[in-house]
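Q: Hi! I'm new to this one, could you walk me through it?
A: Happy to, let's open it up.

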Amino acid sequence: MSQEQIDQSLFDLKIEQSVLGTFLINSVYFQISLADISGEVFCLEKHQKFYDLLRFIYDEESKFDLNRVFAEIRFQRKEEEFSYSFIADLVGEGDIDNLGDYCKILKAYYLRRSMNLL
C-alpha cells in the first residue's frame, strides 16, 4: 500500500524505518528477529520489498552489510526504488535499544490491519 492510502492508526512509518535501519546497522539483529517478523508485517509495500531483499541476501549468505546490500540493489537494478538517500534515512532511524519492542508493535499493527480486512 502507498502511505497515502493507509489509515494512520494502522502503521507507524518511523517504527518501520527504525526496524529496517537497525537491520542495516548490523545483520545480527535481522537474524534475531527472523522468528518474530516477516515482510508482511511492514505496511508500506516499499518496506516489504526492502525486507524481502534483505531476506534474500541473508538466505544466500547468512549475513549482510551495507556494501552487500548496495551490490544486490545494483545487481537487481533497483537503484531508483532503493536509493542511497532511502538507505541513509533507514540507517538514520535505526534504534538497536528498541528493536524488540518495535518488532512487537509492527506485529500488532499487522494484526490490526488484517482484522480490518475481514
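Q: What does the side chain of Ser33 reach?
A: In this predicted model, the Ser33 side chain reaches the backbone oxygen of Phe30 at 2.9 Å. That is a polar contact (a pair of N or O atoms within 3.5 Å; within protein, one must be able to donate a hydrogen and the other to accept it, and residues adjacent in sequence count only if both atoms are side-chain atoms).

Q: Is Ser33 buried or exposed?
A: Ser33 counts as buried because its relative accessibility is 2%. Buried means under 20% relative accessible area, exposed over 50%, partly exposed in between (1.4 Å probe, protein chains only).

Q: Which residues is Ser33 in contact with, leaving aside neighbours within four places in sequence?
A: Phe23 and Cys103, where contact means heavy atoms within 4.5 Å.

Q: Switching to α4: which residues are buried there?
A: Val69, Phe70, Glu72 and Ile73. They fall within an arc of 160° seen down the axis of α4, so they line one face of the helix. The arc is that of the directions from the helix axis to the C-beta atoms, and helices (H or I, at least four residues) are DSSP runs, numbered from the N terminus.

Q: And what covers them?
A: The cover includes α1, α3 and α5.

Definitions and conventions: Residues are numbered from 1 along each chain as its sequence is written. This is a predicted model: local features need pLDDT of at least 70, side-chain atom pairs count only at pLDDT 80 or more; totals for chains, interfaces and linings use all residues. Side-chain values use heavy atoms; hydrogens and water are left out. Helices (H or I, at least four residues) and strands (E, at least two) are DSSP runs, numbered from the N terminus.
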